[in-house]
Amino acid sequence: MAQSFVFSKADFDSFFRVLQSLGEVSAPIRVSDQSFAFKQINDPREIAWDALRTILPPKKFFYPPKETLLTYKDGQIEESVSDNKFQVIFGVHPCDLHGLGIMDTIFEAGPADTHYLQKRNHSLIVGLSCMPDKFCFCQSMGTSCATRGYDLFLTDLDDDFFLQVETPAGSAVLPQLPMLRPAEDADKERYKDYWLRREKAFTNGFAPDNLRATMDMEWNNSLWDDLGKRCLSCGNCTPVCPTCYCFDLVDIASLSDDEGSRVREWDSCQFVGFAQVAGDYNFRPSPVDRLKFWYRHKLHGFDDAFASRTCVGCGRCTVSCPAGIDDLVQVVKTLQGQKEGKE
Amino acid sequence: MNKESTLLPCIAVESLTGCAGELLVILENLDKLLPFVRVASFPFAQTANDDGPVDIAFVEGSVSNPHDLEKLKKIRSKSRWLVAVGNCAVWGCVQGGACAKCKVSDMLAAVYGSDSQIEVLESKPLSDHVAVDVKLSGCPINTTQFLSVTASLLKDHLPYITHKPVCLECKLNENPCVLIEKNLPCLGPVTAAGCGALCPSMGAACYGCWGPCQDPQMDAMATILHEKGYDPIDVINRLKSFGAPDHLFQRMSFQYNQETQA
Amino acid sequence: MTAASRITPFMPERAVIRSIIPMAQDNTLFQFTVDSEALANCLPGQFVQLWVPGVGESPISVCSGRKGGNLELLVRKVGRVTSALFQMQEGDWVGIRGPYGFGFPMDDFKGKDVCLIAGGLGVAPIRSVFQYILEKREEFGRVIIVYGMRHSNDLLFRPEFKLLLRRRDLEVFIAAEELTGPELPPVSVQLGRVTDLINMSHVGPSFETAVCGPPVMYKYVVDELKKKGVPESKIWLSLERHMKCGIGKCGHCFIGGALTCKAGPVFNLTALKMLPEVVECCQ
């Protein structure tokens with residue numbers, strides 16, 4: 001049975017110092033009135049406890065936006081190996097933990113992506129409970145409780161934190177945490193009470209039962225054309241998505257002969273060149289083709305390694321879309337035929 | 001092949017009507033290039049220039065008068081690769097944008113009087129007059145892109161240039177979106193990246209100085225800015241101010257035509 | 001770099017260009033010397049990622065059947081990477097990763113009648129199929145090869161087809177939509193389309209069919225095959241998408257959710273009909 005503990009919030013500083021002794025700690029900090037970002041921090045007071053969604057999800061720590069895969073010089077090809085620095089990612093909410101779990105599945109699938117896994121294996125993820133705002137719909141996506149992707153998980157019990165240990169890496173830290181006391185029955189009651197309250201706090205969402213079938217049936221719904229007309233093809237919905245993993249591979253030539261590197265960069269299916277083949281034939285020439293494609297990956301799922309819908313209900317696309325067309329909940333409701341939907 | 005026995009590839013760096021911003025970037029990076037090239041012509045930076053054939057000609061500025069055009073044709077005829085560098089050369093920049101708004105003869109008359117002897121052409125990018133092999137936009141150009149394009153061309157390879165939108169770089173910088181959070185008229189979604197999302201990173205709106213990204217959705221952009229309360233004429237002027245060509249605005253459902261012509 | 005120290009799936013194998021054989025127009029056959037077992041034994045219809053250092057990678061179908069130690073790629077000069085390859089010389093090295101994807105189901109084809117249909121450059125993967133079949137000709141039933149092209153001077157593998165046309169255990173049909181070029185090719189090329197040839201051939205319900213050509217061709221070929229009574233479950237199409245990574249990660253080659261690089265590039269028509277976004281055949 002998974003172990004659980006409780007510690008007082010007054011002891012959080014010493015808890016944080018222990019995390020710091022493991023490696024670089026990153027946590028959500030505030031970057032504007034409305035936005036947060038995961039950044040490396042040295043002081044627990046920098047943590048934005050009210051952060052729900054950061055601009056970029058924590059995938060960036062293991063799958064950096066730009067990463068050298070290979071270098072070559074004088075006919076010798078060398079793979080680029082990341083420095084094995086240990087990273088602690090603190091304050092990851094259940095949606096993002098599910099997101100990491102999906103990324104793990106994609107990159108673990110054979111042939112495994114060593115660049116991702118190396119960094120992932122040198123990390124400790126500390127999850128954190130959260131109360132939903134009006135954009136959160138993880139409840140509808142079945143991702144509102146963390147089941148994977150983390151080593152330790154903290155639930156906020158007013159004056160205390162409830163600590164769950166999920167992995168051997170997580171339990172390896174325990175001896176260094178003298179502030180912990182085993183969770184008692186009363187603590188467990190408080191814990192369950194928190195999650196029940198949270199379950200009832202959701203104001204956004206939809207009934208997900210027929211989602212996959214709906215996405216199939218409504219492939220030719222006129223809603224897509226309405227959304228496509230507004231789509232800027234700016235690609236904002238993809239870097240902010242915890243489960244968008246598409247990339248471009250680029251050669252960086254060097255001025256000297258026979259030397260250079262091969263780099264991967266985050267790409268977006270929303271860009272016009274994404275599905276273009278040699279000879280300029282484009283399989284998704286217009287914004288609506290690309291938008292539908294993205295929605296299908298998120299809400300219906302593809303035959304990739306994860307093989308299921310990849311949306312985790314974090315609401316990042318909804319708040320990041322300048323055109324306001326990534327309100328997934330409204331789109332689903334409209335496709336499902338619920339009358340209060342927009343358009 | 002013995003390296004010493006071969007001559008270094010030749011480059012020329014030439015300027016038409018522009019601000020010399022690209023020339024400065026190239027000059028700044030010349031030390032990195034010098035081990036690999038001979039600079040046959042760079043009138044901005046050296047006094048001894050020759051007119052001989054070159055492997056790569058980097059041309060900055062737009063074609064704005066007959067002299068520019070003559071010079072450009074000469075450059076084209078002597079170069080193996082012609083690279084348009086900077087927004088002026090690639091899109092026509094502000095001088096091109098101005099020509100889209102009012103007649104060049106009217107502008108000439110307003111500034112120099114109606115009896116002026118100055119010869120001018122409607123300001124256009126290089127590719128309107130000659131074949132351009134590589135278009136490297138920027139205002140000014142990005143050093144890394146410039147070096148990597150040069151590296152490719154020196155090996156006779158076409159470089160990989162994508163022109164993805166500024167939004168991508170902006171998101172990767174984890175900037176709060178100024179279009180969404182501050183309702184600023186940011187053109188990031190339709191502008192080519194490469195600047196590192198400089199303006200939005202400073203909390204300002206992108207004004208499109210790198211020119212359009214690949215397949216810019218001008219109609220959607222105009223609609224969204226208009227919805228945010230911006231005047232349709234201002235929206236279109238903003239979108240066109242750095243030389244975005246007219247064909248990107250055809251088939252627009254956004255109602256602006258009568259208003260801009262009024 | 002030894003094979004054992006490889007961990008990244010993006011590591012290519014150094015392959016030396018053994019010979020360069022110009023075919024027709026902008027098409028050239030490149031033969032590579034490769035060390036790895038896997039690359040030397042690519043299956044018909046599989047593809048490899050060809051890397052020209054400093055330029056980039058391009059997915060290219062393998063056009064040689066099982067031969068061992070020798071990999072052949074037919075390349076059309078159409079983009080940056082292929083243009084760079086065309087500047088290279090015999091003895092130069094490139095990187096090759098793979099082979100990737102599911103090719104044509106050769107084991108299922110065994111003991112059956114087989115019809116191979118190629119349009120234009122699509123003849124490259126189709127060649128890997130007939131070379132494979134001809135190595136073990138007795139294991140297959142009747143074999144029909146249909147090869148259509150726009151102009152008669154686009155004919156690829158001319159000497160090879162000349163020999164194939166003489167074989168009695170093959171029925172070979174070649175047609176061009178237009179006869180062009182200084183002289184008529186020395187093989188019997190007819191005027192017509194791929195679909196005309198299919199109609200002319202004796203392909204029927206007993207045949208397994210392998211199709212590869214430009215995206216616009218498939219719909220018409222599929223219609224014609226159905227007219228000839230070939231069931232959908234016996235129609236195998238090799239599709240083109242932009243496989244950037246080849247290993248199911250980069251997302252560029254999704255067709256309505258299926259990864260061309262892992263589930264394809266060869267798909268059965270019944271599977272394709274389940275997918276949206278397949279422009280090559282009607283839903």
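Let's start with Leu248 of chain B. Leu248(B) touches Pro212(B), Pro216(B) and Met218(B), leaving aside residues up to four places away in sequence. Keep in mind that this is a predicted model. Where does Leu248(B) sit? It is in the loop between helix 12 (232-240) and helix 13 (257-261) of chain B. Leu248(B) and Ser137(B) are 111 residues apart along the chain, and their C-alpha atoms are separated by 17 Å.

Now chain C. Here we have an open sheet of six strands, with antiparallel pairing. Reading across, the order is 4-3-6-1-2-5. Strand 4 (56-61) and strand 5 (70-76) of chain C are the edges, and each pairs on one side only. On average, neighbouring strands of this sheet are turned by 40 degrees against each other, direction ignored.

Look inside the sheet. Strand 1 (residues 13-24) and strand 6 (residues 93-100) of chain C run antiparallel, joined by four bridges. Arg14(C) stands opposite Gly95(C), which belongs to strand 6 of chain C.

Last, the contact between chains. How many residues of chain C are in contact with chain A? The count is 36, and they meet 39 residues of chain A. Which elements of chain C give two or more residues to that side? Strand 4, strand 6 and strand 14 (258-259) do. By class, this side of chain C has 20 nonpolar, 10 polar and six charged residues.

Key
Residues numbered from 1 in each chain as written. Chains lettered and ligands numbered in written order. Predicted model: local features only at pLDDT ≥ 70, side-chain atom pairs only at ≥ 80, totals over all residues. Pairing = 2+ DSSP bridges. Axes fitted to C-alpha atoms, helices over the stretch in contact; angles between N-to-C directions. Contact = placed C-beta atoms within 7 Å. Nonpolar A, V, L, I, M, F, W, Y, C, P; charged D, E, K, R; others polar.
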